[in-house]
Amino acid sequence: MVGVKIDCPAGYTSRGYAGPSDHAAMAAVLTDFHLSGDDGELVTTEQIDLTYSHIPAEDLERNFVIIEHVDDGLVGYGRAGCDDTPEGHIHYWVAPLYQKHMAQPLFTALVKGLGNRAAERAAEQPELTHLIRCWMPHPGPGESVAGTAVAWLQAMGYGEVRFEASMVRPHLDDILDLPLPDGVELRPVAADQLRTIWDAAVNAFAGGFGQQQPKEEHWLEFRDDPIADSTLWKVAWAGDTVVGQIRSFINHEENEKLGRLRGYTEHISTHPDWRGRGVASALLAASLREVRDRGMTEAALGVDTENPANAFAIYERLGFKLTAYTAVLDRPVIL
Ligand SMILES: CC(C)(COP(=O)(O)OP(=O)(O)OC[C@H]1O[C@@H](n2cnc3c(N)ncnc32)[C@H](O)[C@@H]1OP(=O)(O)O)[C@@H](O)C(=O)NCCC(=O)NCCS
């Protein structure tokens with residue numbers, strides 16, 4: 001495979017995807033990129049295996065590229081994707097590079113190549129609204145970005161449209177005891193409920209910022225997620241209806257490598273008819289107790305700082321503190 005065309009600076013070359021033999025090196029690059037933010041997450045090879053097993057070969061052929069350095073081998077990669085959302089057709093890209101190789105000429109060349117690919121795709125459907133989107137670690141709203149990748153992106157026409165926050169609860173003491181509304185109960189998850197739980201989450205997130213129309217491959221990734229442990233989940237039911245859910249997970253490999261005992265209390269949602277009655281708060285308190293009882297000493301989650309239900313405040317009330325920002329940056333597609 002040739003991959004996305006990149007005009008690499010001296011010392012670097014690009015090539016297409018070679019298959020699962022690339023995955024361990026890609027996981028290492030993505031982990032290094034995540035750790036460049038203040039609160040990084042480790043990515044396992046199994047997670048990359050799963051994600052890429054659901055991407056059609058034709059998609060990888062056209063929308064993916066590996067970057068190699070003459071001495072260091074695989075030092076980064078780029079992937080361009082496309083989501084159908086209420087805001088229009090969003091062409092997103094990811095372009096993780098090892099910190100050591102994160103320099104403006106290489107990064108800019110990679111982003112330019114991915115942007116050109118997005119423009120080619122957009123030209124195939126000129127009647128739709130298109131924009132290009134990416135996510136980058138950011139020092140925070142109003143803070144100087146001089147010398148960072150955000151500044152390089154701004155020079156290429158990208159602008160910040162939203163901030164996501166990483167939040168950590170640095171200890172698992174003093175967890176509030178919060179009740180669920182009358183008639184709502186927690187039940188252990190049975191294997192034949194997975195699709196119902198997935199559908200409930202999709203329904204709860206629908207129409208939110210950047211939410212895409214779910215595709216079958218997303219359900220398969222959910223079903224087969226190697227890190228998922230449904231015994232950690234807190235799913236609240238009223239009869240046959242999923243009222244709310246938090247699907248916590250523990251990345252043991254990450255904890256071992258980073259020397260911490262963290263549980264992620266993530267994928268938080270409440271059925272639209274049940275909001276504002278303390279469901280998410282009660283499920284979060286129960287989830288914190290669950291990860292604590294599994295031996296963890298801290299919890300973490302990510303949140304859109306402009307979440308319309310002010311989820312940030314719900315999490316603060318439960319003891320989470322902001323640790324890092326990621327900016328969402330957009331640019332119009334230039335056809
Ligand atoms: C964000 C979300 C999970 C909140 O769920 P929720 O069950 O409504 O949350 P809670 O009821 O615990 O808290 C919401 C508000 O209701 C208030 N509340 C709590 N108990 C209440 C009660 N008994 N009666 C009335 N209001 C109550 C809370 O104080 C909070 O108020 P605030 O917005 O002024 O801070 C929900 O809006 C949702 O699913 N949104 C879409 C998916 C999403 O964005 N998920 C978050 C991803 S990070």
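Asn-310 counts as partly exposed, because its relative accessibility is 41%, which lies between the 20% and 50% cut-offs. Asn-310 sits in the loop between β12 and α10. Its phi is near 55 degrees, a positive value in a residue other than glycine. These values come from a predicted model. The points below cover the ligand site, the loops and the nonpolar cores.

**Ligand site**

- The shell around the ligand holds 19 residues, and Ile-268, Thr-270, Gly-276, Gly-278 and Ser-281 come nearest.
- By type, the shell residues divide into 9 nonpolar, 7 polar and 3 charged.
- The side chain of Ser-281 places an N or O atom 2.5 Å from an oxygen atom of the ligand.
- The side chain of Arg-275 has an N or O atom 3.4 Å from a ligand oxygen.
- Ala-309 takes part through its backbone: a polar backbone atom is 3.4 Å from an oxygen atom of the ligand.
- Taken alone, the ligand exposes 940 Å², and the protein buries 68% of that.
- Two or more shell residues come from each of these elements: α6 (194–205), β11 (269–270), α9 (279–293), β12 (298–304) and α10 (311–317).

**Loop residue His-267**

- His-267 is found in the loop between β10 (262–264) and β11.
- His-267 is not a glycine, yet its phi is positive, at about 60 degrees.
- The relative accessibility of His-267 is 36%, so this residue counts as partly exposed.

**Loop residue Thr-297**

- Thr-297 has its place in the loop between α9 and β12.
- Thr-297 is partly exposed because its relative accessibility is 41%.
- Beyond residues up to four places away in sequence, Thr-297 touches Pro-170, His-171, Leu-172 and Leu-261.
- Pro-170 is 127 residues from Thr-297 along the chain, but their C-alpha atoms are separated by 7.4 Å.

**Loop residue Asn-251**

- Where is Asn-251 found? Asn-251 lies in the loop between β9 (241–246) and α8 (252–258).
- Is Asn-251 buried or exposed? Asn-251 is buried, because its relative accessible area is 4%, under the 20% cut-off.
- The side chain of Asn-251 reaches the backbone nitrogen of Glu-254 at 3.0 Å.
- Leaving out residues up to four places away in sequence, Asn-251 touches Leu-42, Thr-44 and Ile-227.

**Nonpolar cores**

- In soluble globular proteins, nonpolar side chains tend to be buried together.
- The largest nonpolar core here has 49 residues.
- Tyr-52, Trp-93, Phe-107, Met-136 and Leu-153 touch the most other members of this core.
- Helices that give two or more residues to this core include α1 (23–35), α2 (45–53), α4 (104–123) and α5 (149–155).
- Leu-153 touches Trp-93, Phe-107, Val-111, Cys-134, Met-136, Tyr-158 and Leu-329, not counting residues up to four places away in sequence.

Terms used: Residues numbered from 1 in each chain as written. Predicted model: local features only at pLDDT ≥ 70, side-chain atom pairs only at ≥ 80, totals over all residues. Heavy atoms only, no water. Near = heavy atom within 4 Å. Polar contact = N/O pair within 3.5 Å; in protein donor to acceptor, adjacent residues only side chain to side chain. Areas by Shrake-Rupley, 256 points an atom, 1.4 Å probe, with all protein chains shown as cover. Helix = DSSP H or I, 4+ residues; strand = E, 2+ residues; numbered from the N terminus. Nonpolar A, V, L, I, M, F, W, Y, C, P; charged D, E, K, R; others polar. Buried < 20%, exposed > 50% of the residue type's maximum accessible area, 1.4 Å probe, protein only. Contact = heavy atoms within 4.5 Å. Core = buried A, V, L, I, M, F, W, Y, C linked by side-chain atoms within 4.5 Å.
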